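Hi there,

Here is the structure I promised to pass on to you.

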Amino acid sequence: MIIVLNNKCNLTKEEFLTYQQNLEKIEGSNQIILCPSNVFLGLFNSNRIDLGSQNVSKNEMGAYTGEVSAKQLKSLDVKYSLVGHSERRKYNGEKPSDIAKKIKKLLENNITPIYCVGETKEERESNTYKDTIITDIKESLIDLNEEDKNKVIIAYEPIWSIGTGLIPSNDEIEEVIFLIKEQLPNNKVLYGGSANNENIDVLKNIKCIDGFLLGGLSLSIENLNKFINKL
């Protein structure tokens, strides 16, 4: 299983260093990818955990104040990067066309994109979620050859579930993951959306899931350890 830890905009320098030390103590055979805040990427130090970024610029290096390029991430030994997270779409207005550029920059620098896709509550209730997801995939992975397309990890995150405690049923999650795998049969697909150590007993029964993208849960080593042990 792939476990991606998205710390989001959390932790101070001292808290991160303590967090990283405690994270090293978690045992198991799962692949863990840590995505800390960008300011802590250079402090990462682990032989057991892979380093990921929460975002990447769609531009090359240059006069782009506040941006971090794929080439810069590569110089810090970043191996993975989230792209298209629902919060980036909501608060920064990112479109599939932006996401497509970011994915290409990552692949050009041998960084594996973890591409997030999912539906809103309105799209779920209006039964347009399937078209939404298929269209987003096609537009975000446009112009990629099959070899590069296969390198992308997909994270299905129903937007209406993130941070709300609302969890789709296993059948609903399976339906979407199978839909994604119909489009991308050779790609790993993760689930992200209010997964925690209480509902993992149910979620782990979904056999088509290749791993989980964890947000709030990632900040608690105790709860994360319980989650992984149950998994």
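Helix α6 (residues 129-140) and helix α8 (residues 170-183) pack at about 35 degrees, with 11 Å between their axes. For the terms: helices (H or I, at least four residues) and strands (E, at least two) are DSSP runs numbered from the N terminus, while axes are lines fitted to C-alpha atoms, for helices over the stretch in contact, with angles running from 0 to 180 degrees between N-to-C directions. The crossing of α6 past α8 is right-handed, that is, the near helix is turned clockwise from the far one by less than a right angle. On the α6 side the contact (heavy atoms within 4.5 Å) is made by Y129, K130, I133, I134, I137 and K138, and on the α8 side by E175, V176, L179, I180 and Q183.

A word on the source: this is a predicted model, where local features need pLDDT of at least 70 and side-chain atom pairs count only at pLDDT 80 or more, while totals for chains, interfaces and linings use all residues. Residues are numbered from 1 along each chain as its sequence is written, and side-chain values use heavy atoms, with hydrogens and water left out.

Next, the rings. There are 3 aromatic pairs, counting rings of Phe, Tyr and Trp (its six-membered ring) with centres within 6.5 Å; planes under 30 degrees apart are stacked, over 60 edge-to-face and the rest tilted. One of them, F16 with F40, is stacked, at 4.9 Å centre to centre and 10 degrees between the planes. F16 sits in helix α1 (residues 13-23) and F40 in the loop between β2 (31-35) and β3 (50-53), so this pair ties together parts 24 residues apart in sequence. F16 counts as buried because its relative accessibility is 0%; buried means under 20% relative accessible area, exposed over 50%, and partly exposed in between (1.4 Å probe, protein chains only). F40, at 7%, is buried too.

Y156 and Y191 make a tilted pair, 6.1 Å centre to centre with 55 degrees between the planes. Y156 belongs to strand β6 (residues 153-156) and Y191 to strand β7 (residues 189-191), 35 residues apart. Both are buried.

Beyond its neighbours within four places in sequence, L203 contacts I167, N170, I173, Y191, A195, I209 and F212. L203 counts as buried, with 2% relative accessibility.

Happy browsing!
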